[in-house]
Amino acid sequence: MVFCLENEEPRLPLRSAMVHLQASEVQQLLHNKFVVILGDSIQRAVYKDLVLLLQRDSLLTAAQLKAKGELSFEQDQLVAGGQLGELHNGTQYREVRQFCSGSGHHLVRFYFLTRVYSEYLEGVLEELTYGPAPDLVIINSCLWDLSRYGRCSMESYRENLERVFVRMDQVLPDSCLLVWNMAMPLGERVTGGFLLPELQPLAGSLRRDVVEGNFYSATLAGDHCFDVLDLHFHFRHAVQHRHRDGVHWDQHAHRHLSHLLLTHVADAWGVELPKHDYPSGQPFPPHEFFNYNSTEDFSMSSHLGCGPGVNFVPGPLPPPVPGPIPHGQHRGPVVHRGMPRCAPNSPYHVPRIGGPCRQRLRHSDRLIHTNKLDRQPPAHSGTWPG
């Protein structure tokens, strides 16, 4: 996807009271970990920011966010597709990237998806079965699914979501943590490159469709005991950090996204994150993070979907978190966890969790061998493929 960055006004960094990780801490959190990221151009930016954060404490540039299919980005390698093939905005576009750190302790791979489940996705899963087993899979696909595959795209999307979660459950090892990133909120006007001119009439309803698609994807991911990170909730009022194409986000938004994601991963792995002392005025309260805009309305009608009679009925919300809520802010289901968290009694053992869901245990040889990021990580036990 291509988006315009001309005449963009300077934006202030996103601000919140969440944990902000330094590059050295991210390196330790993901030490000897194989991370796989699948999805569209938003997920590609997730990959890029993580690759950058594994090397130094700096933000992506506008040019790096805009680039697509380049041969190399920050010491990574284009493995397939992109400039090695043909750059286009069709549903057959492919781009596979990989970053292997100089120390050999970090491996991150990205696969561009134009549909959440397809024969291509089956090929990706087969490829993962022959290589090193992933420790963390981060996936989302929504916008292409709902805009490029016919009039009944929502119905197809729901069927494909069920297929992909079933296959992920079958293919991924029990030690792998899968995080489903819910799609981020769209602007009222959508001009992203994936939306061809003949599809522009869909732009008006796509914002609402994304909310509905997020509901179905989160529900199905939860049914399969996968983790869900509600990026739509987190960024619903951070509209000043969304580009004018109505789809993409700036470098500050993506660094905030990385911190949200890594904080959740650390929680899932039972890793205690360090607390940093920030200059006066930081960390900022959550209500200063957002720019509230009364025109951003994500309400939905009671009958949605492909054809009549499809009801959108969200499930019950979790109980509110104790503590004062800043004026104008309402807490919601920000992070839905696939399995109850259980802190290990020692750095080398995670007790087995009972229940109907399949066991997702972190094997001792894949754990960070400490519950705190304040010691040297273990030596690398092997080498990554080139």
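Before reading any packing angle, I note that axes are lines fitted to C-alpha atoms, for helices over the stretch in contact, and that angles run from 0 to 180 degrees between N-to-C directions. Helices (H or I, at least four residues) and strands (E, at least two) are DSSP runs, numbered from the N terminus.

The model is predicted, so local features need pLDDT of at least 70 and side-chain atom pairs count only at pLDDT 80 or more, while totals for chains, interfaces and linings use all residues. Residues are numbered from 1 along each chain as its sequence is written, and side-chain values use heavy atoms, with hydrogens and water left out.

I looked up helix 4 (residues 119-130) and helix 6 (residues 153-171), and found that they pack at an angle of about 10° with their axes 11 Å apart. That makes helix 4 roughly parallel to helix 6, a term for angles under 35 degrees. The contact (heavy atoms within 4.5 Å) is made by Leu121, Glu122, Leu125 and Thr129 of helix 4 and by Val164, Arg167, Met168 and Val171 of helix 6.

I then turned to strand 3 (residues 95-100), where 5 of the 6 residues are buried, meaning under 20% relative accessible area with a 1.4 Å probe, protein chains only. Strands pair if DSSP finds at least two bridges between them; strand 3 pairs in the antiparallel sense with strand 2 (residues 77-81) over 4 bridges, and with strand 4 (residues 106-112), also antiparallel, over 5 bridges. Gln77 stands opposite Gln98, whereas Arg97 has Phe110 as its bridge partner in strand 4.

Note on methods
Angles under 35 degrees count as roughly parallel, over 145 as roughly antiparallel, 65 to 115 as roughly perpendicular and the rest as oblique. Buried means under 20% relative accessible area, exposed over 50%, partly exposed in between (1.4 Å probe, protein chains only).
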